[in-house]
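These are my notebook entries on a structure that I went through by residue and by element. I set down what I looked up in the order in which I looked.

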Amino acid sequence: MYGISTYDIQTIDTKLELQRKYICSRFFDFGEETKSAIEFTYSANLNPKKYFAEMNNRINSIFQYSKNLGLMPVFCTITAPSKYHQTDKNRKLIYSPNETAKALTQIFNKFTNLQVFQRMKRETKHGLIYFRVYEPHKSGVPHCHIMLFLPKNYILEVKNKFFEYFTNAEKWGNNKKSLDFRYTFYNVNGAISYIMKYVTKTFKNENDTTNKAWYWYIKNRIRRFLTSKRL
């Protein structure tokens, strides 16, 4: 599943264990106490609890910032067109997950440079605020979940542009059923829970040994979570 083999799992586990041992062997002296370097590591793989706490704080901060600006959360999903799902005679993806993730990033950046977003920026006096999370299909091909924060009067216009842009064969070429655009959230907490559901999937779950998705991020060097720089 996710294009992860038993060899990949063994290799990644060994690599992480060696990294953990090295970091845990490095200490800092603070006079009355000594602390291991692992306590200051924000790695999602080596210190996931610290990384998750930092990310959760950032998500809540961006939501509060957007709420103060009077913006509404909008959730959308972009999948890769059929060419990114093609395999060779050995059933290996022709486009690697990393290449597809980069293509998804490029198309998203082009979309958010449309005139509607330029006009919105001029009116609101700030740039677009968003989260992005990559998630693998069972085949290993990534798709992208995005939470945008928009003025209420722009939501329907952006929705129309979203489906128009990503179903255009010359620009991207998806069919409408493979896309998603939702904006009916009853409260901010509901929207936070919605995006956190996808973020949580990117971490190793000790209580769920069947979840191998987190190996996919390491193997393919794909960032779990991205945000706009504006805050």
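**Entry 1: Thr227.** I began with Thr227, which lies in strand S7 (residues 225-227). I take helices and strands as DSSP runs numbered from the N terminus, helices being H or I of at least four residues and strands E of at least two. The model is a predicted one, in which local features need pLDDT of at least 70 and side-chain atom pairs count only at pLDDT 80 or more, while totals for chains, interfaces and linings use all residues. Residues are numbered from 1 along each chain as its sequence is written, and side-chain values use heavy atoms, with hydrogens and water left out.

I looked up the exposure of Thr227 and found a relative accessible area of 18%, so the residue is buried. The classes are buried under 20% relative accessible area, exposed over 50% and partly exposed in between, with a 1.4 Å probe and protein chains only. The side chain of Thr227 makes a polar contact of 3.0 Å with that of Arg58. Such a contact is a pair of N or O atoms within 3.5 Å; within protein, one must be able to donate a hydrogen and the other to accept it, and residues adjacent in sequence count only if both atoms are side-chain atoms. Beyond the neighbours within four places in sequence, I listed Arg58, Ile62, Tyr130 and Phe131 as contacts of Thr227, contact meaning heavy atoms within 4.5 Å.

**Entry 2: Ile59.** I next turned to Ile59, in helix H2 (residues 48-68). Its relative accessibility is 0%, so I record Ile59 as buried. Which residues does Ile59 touch, not counting residues up to four places away in sequence? I found Phe131, Ile192, Ile195, Met196, Val199 and Phe225. For Ile59 and Ile192, 133 residues apart along the chain, the C-alpha atoms are separated by 7.7 Å.

**Entry 3: the cores.** I then looked up the largest nonpolar core, which has 50 residues; Leu148, Leu150, Phe162 and Phe166 touch the most other members. Two or more residues each come from helix H1 (6-24), strand S3 (71-78), helix H3 (97-111), helix H4 (115-124), strand S4 (129-136), strand S5 (142-151), helix H5 (155-166) and helix H7 (213-220). Another core lies apart from it, with 21 residues, among them Ile62, Tyr194, Tyr198 and Phe225. A core here is a set of buried Ala, Val, Leu, Ile, Met, Phe, Trp, Tyr and Cys residues joined through side-chain atoms within 4.5 Å. With residues up to four places away in sequence left out, Phe162 touches Cys76, Thr77, Ile78, Phe111, Leu179, Asp180 and Phe181.

**Entry 4: helix H7.** Is H7 enclosed or open? I found seven of its eight residues buried, so H7 is largely enclosed by the rest of the structure. Those buried are Ala213, Trp214, Tyr215, Trp216, Tyr217, Ile218 and Asn220. Their cover includes H1, H3, S4 and S5. After H7 comes Arg221, with a positive phi near 55 degrees.

**Entry 5: salt bridges.** My search of the whole structure gave three salt bridges, each being a side-chain nitrogen of Lys or Arg within 4 Å of a carboxyl oxygen of Asp or Glu. Asp8 and Lys219 pair at 2.9 Å, N to O. Asp8 is in helix H1 and Lys219 in helix H7, so this pair ties together parts that are 211 residues apart in sequence. I note Asp8 as buried at 14% and Lys219 as partly exposed at 37%.

Glu157 and Arg119 pair with their closest N and O atoms 2.5 Å apart. Glu157 lies in helix H5 and Arg119 in helix H4, so the bridge joins parts that are 38 residues apart in sequence. Glu157, at 29%, is partly exposed, and Arg119, at 30%, is partly exposed. The Asp180 and Arg182 bridge has its closest N and O atoms 2.8 Å apart.

**Entry 6: Thr79.** Thr79 is buried, at 11% relative accessible area. A polar atom of its side chain lies 3.2 Å from the backbone oxygen of Ser178. Residues up to four places away in sequence aside, Thr79 touches Leu104, His137, His143, Trp172, Asn174, Ser178 and Leu179.
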